Amino acid sequence: MPHAADASESDTIAIRARNLRRTYPGSRGRTPRVALDDLSLTVPIGEWVALLGPNGSGKSTLIRLISTADRATDGTLEALGSTIGRGTTNARALRAYKSGLGVVFQSPGLDRLLTIRENLLAQASLFGLSGRASTERIASAARRFELVDRLDDRVGSLSGGLARRADLARALLHHPRLLLLDEPTAGLDYDARTRFLDTIAALRREAADAGTPLTVLMSTHLMDEAERADRVVMMHEGRIVADGAPSALRGAIGGSSLRSAGSAAAPILERCLLNVSIAPDGGIIGRSGDREALAAAASELARAGLPFEVSPPTLGDAYLAATGRPLSEGSTP
Amino acid sequence: MSASGIHAFVRLTARELVRFVRQPSRIVATLGTPVLLWLLLGSGFAGSFAPPSGHAATTYAAFLLPGVLTVSVMFTAILGAISLIDDRHAGFLQSVLVSPAPRWAAWGSKLAGASAIATAQAALLLPAAAILGLPAGTLGHLGALAALACVAVGVAGLGLALAWRVDSVQGFHGVMNLLLMPMWLLSGSVFPLEGASGWLRAVMFVNPMTWPTQALHASLAGVFDPIAWGATILFAAAGVALAASTIGSRR
């Protein structure tokens, strides 16, 4: 039987994962790969949560489990009031859960040979929408996502940004309560990414105003995307290493960062008692909550003729502080 | 079987047909290959072929027609099944599987779409039977069409079950060529079952493709062959069962 989650909980909690584990069997005698390791996470209804981590950190695996595209090896997963994955045997309850779910995977779930309208009609049929209901939903989605003039264009002829908007329209056509976005802006330029995230923010506001809050779980490896969320969950090697509001995560590491391009800066920063790390671009980063130490380091660098800049900590710095690895570096498989 | 499930099935089947029409190269390849095979083999063996006693075909081109129809259906049904791998890579399959639509609508639409396209395409070649002097008649033509539909369903089901397990189009082609070409060559399509040597005849006898081909031969000769028909329907049912058991259950 699908276990209906506790009634009072299901009113406030969209996702609750407990000790979730997913391992993939190793091929040709290799040891099994652990994609998720004892992960526990609770997402209240209406919250926008960004899963932040490099490739291989387990973000997509978690989204696949919640989307029912995969099953956990161990642990329990409840979403929208139903137990999903392991323990779910009732097909009707699973269908009810899926009816409230919208998913945008890394590859757009659109058929490139079909037009946007044909894709949306197919999507509508998958969610039991037909006739006038589907026509009205498609017209409304086309207006919402500025696709009216392109509805009869084949998806294969669209730009990346437009195809992503069409994919988002597809995922939201049935008015889901939980939206899962797995690296939804992959391959888009900065403007298209910003526009996509603006749309998500607007959708959430509208849903909240209408009294039907939309919960969003989005995976990303980009700091600026994660900054848009209410909450950032940092992942590393299948585990959660930090969890909180973006400002809280940045604030938790304290102080400021001092960055210099030259490798000669490292010993100077260390001498001034700064926490030193190497950025993905090879630059040297010194971090400290002590203003005097930062000022001393700055004057030492200036004396040595090394250019530098001082900036407030970023989510990337917070990730580095939590894992010892920069965000752009993949997890060890 | 819910109304929404049927609606999803119909919509997804229509998608298969639209996709086929929008890929002209696929139409040319699946129709051109058997016609070319027919022209080359039919002309090459025209002088050396002696029809088996009691067979309706008096020329090799006429004898080869059921085989050409069969191979046309096989090619087209297999290409339809391959589109499952394309759907997986493109992300479309994933969006179907995480939707509340029943799993049978996903595989059923693939099976129905591939089978309908394959049968319709072979039907375009069917009028050649009258031109070649085969005494099929209306009932014979309908019987031939039904036998071709059974081949299409059986092969598409087999192809879908394999495509569900295999991740690359190249791998799929390799396995299918290894399996389907011998099945076709040893089905009585290219040379008659009656003339085959002892061991080869035994192999042809257990080849599941032999019986739909025999049902086709019989139908185009205006004859009803109950044994061939029984095996043909069984072949189609096995294809459906294979697809259902492989894709219908969770991986």
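Predicted model: local features only at pLDDT ≥ 70, side-chain atom pairs only at ≥ 80, totals over all residues.
Q: What is the phi of Leu80(A)?
A: Phi is about 50 degrees, a positive value, although Leu80(A) is not a glycine. Most residues other than glycine have a negative phi.

Q: Is Leu80(A) buried or exposed?
A: Leu80(A) has a relative accessible area of 13%. Residues under 20% count as buried, so Leu80(A) is buried.

Q: And what about Asn19(A), where is that found?
A: Asn19(A) belongs to strand E1 (residues 13-24) of chain A. Its phi is also positive, near 45 degrees, in a residue other than glycine. Asn19(A) is partly exposed, at a relative accessible area of 42%.

Q: Moving to chain B: at what angle do the axes of H7(B) and H11(B) cross?
A: The axes of helix H7 (residues 137-165) and helix H11 (residues 226-247) of chain B cross at roughly 25 degrees and come within 8 Å. Angles under 35 degrees count as roughly parallel, so H7(B) is roughly parallel to H11(B).

Q: Is that crossing of H7(B) and H11(B) left-handed or right-handed?
A: The crossing is left-handed. In the contact of H7(B) with H11(B), 18 residues are nonpolar, six are polar and one is charged.

Q: Where does Ala238(B) belong?
A: Ala238(B) is part of helix H11 of chain B. With 44% relative accessibility, Ala238(B) counts as partly exposed. From Ser95(B), Ala238(B) is 143 residues away in sequence and 28 Å away in space, C-alpha to C-alpha.

Q: Turning to the largest nonpolar core, which residues touch the most other members?
A: Leu65(B), Leu69(B), Val155(B), Phe172(B) and Leu220(B) do, in a core of 61 residues.

Q: Which elements give two or more residues to this core?
A: In chain B these are helix H3 (60-90), helix H5 (103-123), helix H6 (128-131), H7, helix H8 (169-185), helix H10 (210-220) and H11. H3(B) gives the most, with 16 residues.

Q: What is Phe172(B) in contact with, leaving aside its neighbours within four places in sequence?
A: Phe172(B) is in contact with Ile78(B), Ala81(B), Ile82(B), Ile85(B), Gly159(B), Leu162(B), Ala163(B) and Val166(B).

Q: How many residues are in the other core?
A: That core has 47 residues and lies apart from the largest one; among its members are Trp48(A), Ala207(A), Val216(A) and Ala242(A).

How values were computed: Residues numbered from 1 in each chain as written. Chains lettered and ligands numbered in written order. Heavy atoms only, no water. Axes fitted to C-alpha atoms, helices over the stretch in contact; angles between N-to-C directions. Helix = DSSP H or I, 4+ residues; strand = E, 2+ residues; numbered from the N terminus. Parallel < 35°, antiparallel > 145°, perpendicular 65-115°, else oblique. Left-handed = near helix turned anticlockwise from the far one by under 90°. Nonpolar A, V, L, I, M, F, W, Y, C, P; charged D, E, K, R; others polar. Buried < 20%, exposed > 50% of the residue type's maximum accessible area, 1.4 Å probe, protein only. Core = buried A, V, L, I, M, F, W, Y, C linked by side-chain atoms within 4.5 Å. Contact = heavy atoms within 4.5 Å.
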